[in-house]
Amino acid sequence: MTAIFITATGTDVGKTFVARGLIRALRARGQPVDALKPLVTGFVPDEAEGSDSGLLLAALGRPVSPDEIARVSPWCFAAPLSPDMAARRENRTIDFPAVVDFCRDAIAATPGTLLIEGVGGIMVPLGHQHTVLDWMTELGLPLVVVAGSYLGSISHTLTALDVLDRRRLKIVTLVVSETSGSPVPLEETREVFAQFAGNTEVVALPRLASAKTPHPVFEQIASRF
Ligand SMILES: Nc1ncnc2c1ncn2[C@@H]1O[C@H](COP(=O)(O)OP(=O)(O)OP(=O)(O)O)[C@@H](O)[C@H]1O
Ligand SMILES: [Mg+2]
């Protein structure tokens with residue numbers, strides 16, 4: 001059993017895109033894989049297929065049914081806001097220990113590889129006292145960190161690396177997923193990250209036509225699990 005936590009320097013950077021690519025690469029190798037997106041915001045039941053949970057389920061070859069959505073994403077909120085704000089709109093709070101326990105139980109029960117997608121960036125609040133960083137720290141899983149190649153990403157990403165290092169969290173791979181329309185060269189961004197990332201593998205993922213497009217980067221990362 002291998003469990004990997006997929007996080008990012010911010011929202012909309014490419015966590016789900018990378019997770020889908022990794023699922024496909026693992027399945028192509030014949031390796032059992034499952035994926036969770038425990039917390040989802042902006043969730044519209046009628047549009048479940050396009051949600052992160054729906055996209056992950058499709059990559060896994062599972063039906064995008066209400067039962068399957070509830071299995072992989074027990075905490076779904078309607079508002080397209082950070083989880084704590086979205087929960088507040090529904091007069092709910094996020095039970096942090098329950099989120100941690102849910103993941104621990106799934107890790108223990110999953111044969112093969114389990115990918116857990118975080119939510120937003122590294123320090124998105126999950127309530128008044130906890131952030132995604134605390135969630136990752138509690139689980140202590142190896143991380144795949146996704147960053148962009150937009151102007152400003154270098155500072156965001158180096159800040160993230162420093163924070164993760166202070167919590168002694170281990171990064172399997174830092175993936176620079178090319179930001180659409182960015183003037184910043186992808187490979188040069190990767191080289192800058194590599195200069196600051198110590199022994200951590202840093203890979204550049206170009207803009208692909210779709211998440212179903214195979215790319216050697218997915219194979220490369222999957223072979224490290
Ligand atoms: N390398 C890439 N090539 C093509 N499209 C990409 C790439 N990386 C990300 N995208 C696209 O960018 C958008 C945002 O990516 P994605 O949904 O994976 O981000 P995320 O980090 O999971 O966001 P969220 O915080 O909402 O979970 C999606 O439409 C995705 O398909
Ligand atoms: Mg996502």
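Helix axes, in what follows, are lines fitted to C-alpha atoms over the stretch in contact, and the angle between two of them runs from 0 to 180 degrees between their N-to-C directions. In this predicted model, helix H1 (residues 15–28) packs against helix H2 (residues 52–60) at an angle of about 15°, and their axes lie 9 Å apart. Because angles under 35 degrees count as roughly parallel, H1 and H2 are described as roughly parallel to each other, and their crossing is right-handed.

| Helix | Residues in the contact |
|---|---|
| H1 | Thr16, Ala19, Arg20, Ile23, Arg24 and Arg27 |
| H2 | Asp52, Leu55, Leu56, Ala59 and Leu60 |

Sorted by class, the contact of H1 with H2 has six nonpolar, one polar and four charged residues.

In soluble globular proteins, nonpolar side chains tend to be buried together. The largest nonpolar core here has 50 residues, of which Phe5, Leu39, Ile116, Trp135, Met136, Leu139 and Leu164 touch the most other members; helix H5 (residues 96–109) gives the largest share of this core, six residues. Another core, apart from this one, has 27 residues, including Leu22, Val33, Leu56 and Leu60. Leaving aside neighbours within four places in sequence, Leu139 is in contact with Phe5, Val100, Cys103, Arg104, Ile107 and Ile116.

Beyond its neighbours within four places in sequence, Ser177 is in contact with Val13, Val146, Ala147, Gly148, Ser149 and Leu205.

Notes: Residues numbered from 1 in each chain as written. Chains lettered and ligands numbered in written order. Predicted model: local features only at pLDDT ≥ 70, side-chain atom pairs only at ≥ 80, totals over all residues. Heavy atoms only, no water. Contact = heavy atoms within 4.5 Å. Core = buried A, V, L, I, M, F, W, Y, C linked by side-chain atoms within 4.5 Å. Buried < 20%, exposed > 50% of the residue type's maximum accessible area, 1.4 Å probe, protein only. Helix = DSSP H or I, 4+ residues; strand = E, 2+ residues; numbered from the N terminus. Parallel < 35°, antiparallel > 145°, perpendicular 65-115°, else oblique. Left-handed = near helix turned anticlockwise from the far one by under 90°. Nonpolar A, V, L, I, M, F, W, Y, C, P; charged D, E, K, R; others polar.
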